[in-house]
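Please walk through this protein with the sequence and the 3D view side by side.

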Amino acid sequence: QGSELSGWAMGRWTYEGIDLNHNFADLNTALWDAEDNDLVPHEFPNHYIPIPEYYTFANATVAPETRAVIDWMQRYPFVLSANLHGGELVVTYPFDMTRTYWKAQELTPTADDGVFRWLATVYATSNLAMASEERRLCHYDDFTRFGNIINGANWHTVPGSMNDFSYLHTNCFEITVELSCDKFPHASELPAEWENNRESLLLYMEQVHRGIKGVVRDRDTEQGIANAIISVDGINHDIRT
């Protein structure tokens, strides 16, 4: 049909009819309900939020691909991730789901908003297509006014996104890169798309070296301590070793 004629929904659902982009467990609602009732973090955690029981049932509407990715994320302690989408030129960062459940758009920052804005900006400012002064608008949203980054929920709400799940269930900070106006670029365009994104991908991966890092050890035995909780003053989102 051509790269610009297929529509946003083309190729979005699996054979089973599941939209993988909305298929992760909604942990946001549980966290926000607990916050509203002053239960965080002494009675309800602000990180490593457990997956709800209903989501684990055999008859739950969860794609095998989603279950496999969750298992992968639980086995490896990732700290940085990006998922790549097409059809727009912008980098989005969590939260992807609006806190006011009936709103289609609402600025909904995480406790680590500054870090997420930095990560998104690193990618957007080094992407040749986004940074070009001659770039055209993909559709009708003018993301250039915001430096080609936007809070996901402030663009459109996405309950059950991988970004929000990564942040609330693991140590991983994840963003979404909408890396091309054309959702399905022609084969002849792929070398140019690679050049547009190559440096951005490398610079983004290098951001794992920013911030505090090290090993939490037992003072007497010098052995590393697994699952030690690390808290930072002023940030209501902890990290575990």
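**Backbone, cavities and charge pairs**

Start with Pro-41, which sits in the loop between helix H1 (28–36) and helix H2 (53–56). The model is a predicted one. The peptide bond leading from Val-40 into Pro-41 is cis, with omega near 0°. Stay in the loop between H1 and H2, because Tyr-48 lies there too. Its phi is near 50°, a positive value in a residue other than glycine.

Pro-94 and Phe-95 are joined by a cis peptide bond, with omega about 0°. Phe-95 belongs to the loop between strand E2 (88–93) and H4. Glu-222 has a phi near 65°, again positive in a residue other than glycine. Find Glu-222 in the loop between helix H8 (190–206) and E5. Its relative accessibility is 47%, so Glu-222 counts as partly exposed. The cut-off for exposed is over 50%.

Now turn to Tyr-76. Where does Tyr-76 lie? It is in the loop between helix H3 (64–75) and strand E1 (80–85). Its relative accessible area is 43%, which means that Tyr-76 is partly exposed. Tyr-76 is part of a nonpolar surface patch, together with Trp-72 and Phe-78. The accessible area of Trp-72, Tyr-76 and Phe-78 together is about 300 Å². A residue needs over 30% relative accessible area to join a patch, so Tyr-76, at 43%, clears that cut-off.

How many cavities of 30 Å³ or more does a search of the whole structure find? It finds one. The largest cavity has a volume of about 30 Å³. Its lining counts five nonpolar residues, one polar residue and no charged residues.

The second largest pocket has a volume of about 1100 Å³. Its lining takes in 28 residues. Which of them lie nearest its centre? They are Arg-210, Gly-211, Ile-212, Lys-213 and Ile-239. By class, the lining of the second largest pocket has 16 nonpolar, eight polar and four charged residues.

How many salt bridges does a search of the whole structure find? The search finds seven. Begin in helix H3. There, the side chains of Arg-75 and Asp-71 meet in a salt bridge, at 3.0 Å from N to O. Both residues lie in helix H3, four residues apart, about one turn of the helix. Asp-71 has a relative accessible area of 36%, so Asp-71 is partly exposed.

Helix H8 holds a pair of its own. Glu-195 forms a salt bridge with Arg-198, and the closest N and O atoms are 2.9 Å apart. Glu-195 and Arg-198 are three residues apart in helix H8, about one turn of the helix. Both ends of this bridge are partly exposed. Glu-195 has a relative accessible area of 37%, and Arg-198 is at 36% relative accessibility.

Lys-103 and Glu-106 form another salt bridge, with the closest N and O atoms 3.8 Å apart. The cut-off for a salt bridge is within 4 Å. Which end of this bridge is buried? Look at the accessible areas. Lys-103 counts as partly exposed, at 30% relative accessibility. Glu-106 is buried, because its relative accessible area is 18% and buried means under 20%.

Finish with a linked group. Glu-35, Asp-36 and Arg-99 are joined in a network of salt bridges.

Terms used
Residues numbered from 1 in each chain as written. Predicted model: local features only at pLDDT ≥ 70, side-chain atom pairs only at ≥ 80, totals over all residues. Heavy atoms only, no water. 1 Å grid on protein atoms, 1.4 Å probe; cavity = no way out; pocket = protein on both sides within 12 Å on 5 of 7 lines; lining within 4 Å. Points joined across faces, edges and corners; volume = space filled by probe spheres on them. Nonpolar A, V, L, I, M, F, W, Y, C, P; charged D, E, K, R; others polar. Patch = residues over 30% accessible without salt bridge, like charges linked within 9 Å, V, L, I, M, F, W, Y side chains within 5 Å. Areas by Shrake-Rupley, 256 points an atom, 1.4 Å probe, with all protein chains shown as cover. Helix = DSSP H or I, 4+ residues; strand = E, 2+ residues; numbered from the N terminus. Buried < 20%, exposed > 50% of the residue type's maximum accessible area, 1.4 Å probe, protein only.
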